[in-house]
Amino acid sequence: QARLAESGGGLVQAGASLSVSCKPSGRTFSTYALGWFRQAPGKEREFVAAIKWISGDTVYADSVLGRFSISRDNAKNTVYLQMNSLKPEDTAVYYCASTPTLNIGMSSYTKPTLYDYWGRGTQVTVSS
């Protein structure tokens, strides 16, 4: 059974950097796309970034463009989300998700309904 395990969340001050990781297992994730979403208390889940495993193509939400970077390490079978210049409004539970759909434009990976497997999330808290 497919599984996604996030790790690396924590509490940091505004302006700091933090990296969260997602380690998939149970399916051939090299033929999938993986995305990061986040959900703050009282708010809907929102798209953060996504990457196609094979090509390395990426897409970002406007709110994190230039501050966050998504990448994958084939040897470690892990996807990373490097978060720089963190702001209090970045505080949320960060979720990793995967989808087998690859023959679409990168802008389509912003939709949570496209993803069929989700991790349990990791908390990121940014203090002011």
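Student: Buried means under 20% relative accessible area, exposed means over 50%, and partly exposed lies in between (1.4 Å probe, protein chains only). On that scale, is D90 buried or exposed?

Tutor: D90 has a relative accessible area of 0%, so D90 is buried. This is a predicted model, in which local features need pLDDT of at least 70 and side-chain atom pairs count only at pLDDT 80 or more, while totals for chains, interfaces and linings use all residues. Residues are numbered from 1 along each chain as its sequence is written, and side-chain values use heavy atoms, with hydrogens and water left out.

Student: Thanks. How many salt bridges turn up in the whole structure?

Tutor: The search of the whole structure finds three. A salt bridge here is a side-chain nitrogen of Lys or Arg within 4 Å of a carboxyl oxygen of Asp or Glu.

Student: Which residue does R67 pair with?

Tutor: R67 forms a salt bridge with D90, at 2.8 Å from N to O. R67 lies in the loop between β6 (58-60) and β7 (68-73), and D90 in the loop between β8 and β9, so this pair joins parts that are 23 residues apart in sequence. Strands (E, at least two residues), like helices (H or I, at least four), are DSSP runs numbered from the N terminus. Both R67 and D90 are buried.

Student: And what about D90 and R38?

Tutor: Their side chains also meet in a salt bridge, at 2.9 Å from N to O. This pair links distant parts of the chain, 52 residues apart: D90 is in the loop between β8 (78-83) and β9 (92-99), while R38 is in strand β4 (residues 33-39).

Student: Where does E46 come in?

Tutor: E46 forms a salt bridge with R38, and the closest N and O atoms are 2.6 Å apart. R38 has 5% relative accessibility and therefore counts as buried, whereas E46, at 35%, counts as partly exposed.

Student: Which cysteines form it?

Tutor: C22 and C96 form the disulfide, with their sulfur atoms 2.0 Å apart. C22 is in strand β3 (residues 18-25) and C96 in strand β9, so the pair links distant parts of the chain, 74 residues apart. The link is left-handed, with -75° about the S-S bond.

Student: Is C22 buried or exposed?

Tutor: C22 is buried, with a relative accessible area of 0%. C96 is buried too, with a relative accessible area of 0%.

Terms used:
A disulfide is a pair of cysteine sulfur atoms within 2.5 Å.
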